[in-house]
Amino acid sequence: MRKTFSKVVLIVILLAGSFLHVNALDIPEADTDLVYVQDFAKVINDSTIDYIVEKNKILDEKTGAQIVVATVNTTGTADIEDYAYAMFNQYGIGSSSKDNGVFLLLVIAQEDYWMMAGSGLESHYSGGAIKNLLWDYLEDDFADGDYDAGVRSWFDAVYRDLSDYYNISSSTTPSSPMMPDNHTDSYSSVLGSIFSTFLTIAFLIIVLIIVVSILTSRRSTRYRAPRYQSPNYRVYRPITFRTPDYYRPRDTYSPRPDHDSHSSSWNFGGGSSSHRSSSSSSRSSFGGGSSSRSSSSSSRSSFGGGSSRGGGAGRK
Amino acid sequence: MKFWENRRLSLCLMIVAILVATLFGSHRSLAKLRKDAVAVFYSGATAKNGEKEKSLQEDLNDIVTRTSSLIGIAKKYVRDTDVKLADEVSALNDALSSATDIDEKYQAMIALKAKVDTLYYALDGYELSDTNRKSVSIVYYDIQSFYETTGHNSYNEYADQFNQILDKFPASLLAKLTFVDKAPAFR
């Protein structure tokens, strides 16, 4: 009887232990609409999410690198390092061949965060470098509870850093609707529009001047033409001289060349776009309807399949 | 010639030959499996996509290098009892560097980690130059990161796989008979 009881107790303990273990690393399913921001704690603003998504699309397309931010309220009983490591590898952040993902996990209720990079960026993002990035760009806002500002600041720093690392030109910025709504950017966009308007007007003026000058020169030629008219005596023309053909009336109008065969080879949009879509679809793995946030781009993004060795740094 | 015609003797010889061949073959194959598993510790595993994982030995080498840098900076500033602390870290770093056995390496790493933490926090009490303060911080968190990655290295999986083979019959018996040990785990 005692043996049976002890067996039952042992089984219960083992089951409870396994249950706790499962709960310890209960990673939530990734939000497939917003691959780059997994805001389970709902602490990041929509404008910041849009900003991160759009910038990531550029980075992802050019380098395969992804900068992913995730927020959760708690990691349960798991250490933040283990949780971030499991999340990174479950989501497959970064290119599978280059392992160049960068991941930031904010754990709100535990007031902690952890950043890690894929093994492809390990030499660039050593523990010390990560710690400095977090300290310089995230810590203050995080301590103040302004997670959105902290994430934005941290993301900009990492994006800048990776852009330099991969030598991406700064001109490849996202389209203006996705730009952040801060004063500096709106000011520069106003300046930009004024400048472009000025350029357009200047261009039109130059074109107008050229047209007017051409017309004027023609008029003056016509005006001067009588001064150079042919002399008033007969020019001897041998009989063999024929009237040029272009004076002959055309008997029939030959039909215009058939462009159908030509146009069939001009497959606007068809071949090339299907090629593009096929290449982009190979990157997209998530199905379903399109998100309003990703509606600006026809191709949807997905995690690349990268993995991390787990080295990183956090707050504590 | 009668010696060769002895049926009982020839049967015994045959049995001995089979036993020797079995033991020799088992030893060779088990030793090779063990060698392959342990090789992952030194040269790293190769992923399916052909990518080479950084080995545990490389991580340990990085820890040794970074710790040397930390000691170098610390020795410029520390006084009194902390001089002894820096020397202890230096000795443990040398021990990790010279350890040959995987178990020994693990123990040396754990001992070093504890002392490095102590030294790092002891340096808070000294007025380091900005450059050195920043360097100490970078080096320390580099070391922490390498400790972290050692916990996720796939070597232990390879070692565990091999050890599971040794736990099953007949490999368990053959391993004992042929003196093939389990692969040491790095934990």
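**Figure 1. Helix 3 of chain A and the glycine after it.** In this predicted model, A:G92 follows helix 3 of chain A and has a positive phi, near 70°. Helix 3 covers residues 80-91 of chain A, and its 12 residues should span 16 Å at 1.5 Å a residue. The C-alpha atoms at its ends are 16 Å apart, in agreement with that expectation. The buried residues of this helix are A:I80, A:Y83, A:A84, A:A86, A:M87, A:F88 and A:Y91.

**Figure 2. The contact between chain A and chain B.** Chain A gives 19 residues to the contact and chain B gives 15 residues. Together the two chains bury about 1,300 Å², with 46% of that area on carbon and sulfur atoms. Three residue pairs are in polar contact across the interface of chain A and chain B. On the side of chain A that touches chain B, helix 3 and helix 4 (127-137) are the elements that give two or more residues. Helix 4 of chain A supplies the largest share of that side, five residues. Sorted by class, the side of chain A that touches chain B has three nonpolar, 10 polar and six charged residues.

**Figure 3. The salt bridge between the chains.** Chain A and chain B are linked by one salt bridge. A:E122 forms this salt bridge with B:K54, and the closest N and O atoms are 3.9 Å apart.

**Figure 4. The loop that holds A:K42.** A:K42 lies in the loop between strand 1 (37-39) and helix 2 (46-63) of chain A. The phi of A:K42 is positive, near 55°, in a residue other than glycine. Most residues other than glycine have a negative phi. A:K42 counts as exposed because its relative accessibility is 69%, over the 50% cut-off.

Figure 5. The peptide bond that joins B:F169 and B:P170 is cis, with omega about 10°. B:P170 is in the loop between helix 7 (155-167) and helix 8 (171-178) of chain B. In the segment after helix 8 of chain B lies B:F179. B:F179 is not a glycine, yet its phi is positive, about 60°. With 70% relative accessibility, B:F179 counts as exposed.

**Figure 6. Chain A as a whole, for orientation.** Chain A has nine helices and five strands. Along the sequence they follow the pattern α-β-α-β-α-β-β-α-α-α-α-α-α-β. Of the 316 residues in chain A, 34% are buried. Among contacts in chain A with a separation of 6 or more, 72% come from residues 24 or more positions apart.

Note on methods. Residues numbered from 1 in each chain as written. Chains lettered and ligands numbered in written order. Predicted model: local features only at pLDDT ≥ 70, side-chain atom pairs only at ≥ 80, totals over all residues. Heavy atoms only, no water. Helix = DSSP H or I, 4+ residues; strand = E, 2+ residues; numbered from the N terminus. Expected span 1.5 Å × (residues − 1). Buried < 20%, exposed > 50% of the residue type's maximum accessible area, 1.4 Å probe, protein only. Contact = heavy atoms within 4.5 Å. Buried area = accessible area lost by both parts, 1.4 Å probe. Salt bridge = Lys/Arg side-chain N within 4 Å of Asp/Glu carboxyl O. Polar contact = N/O pair within 3.5 Å; in protein donor to acceptor, adjacent residues only side chain to side chain. Nonpolar A, V, L, I, M, F, W, Y, C, P; charged D, E, K, R; others polar.
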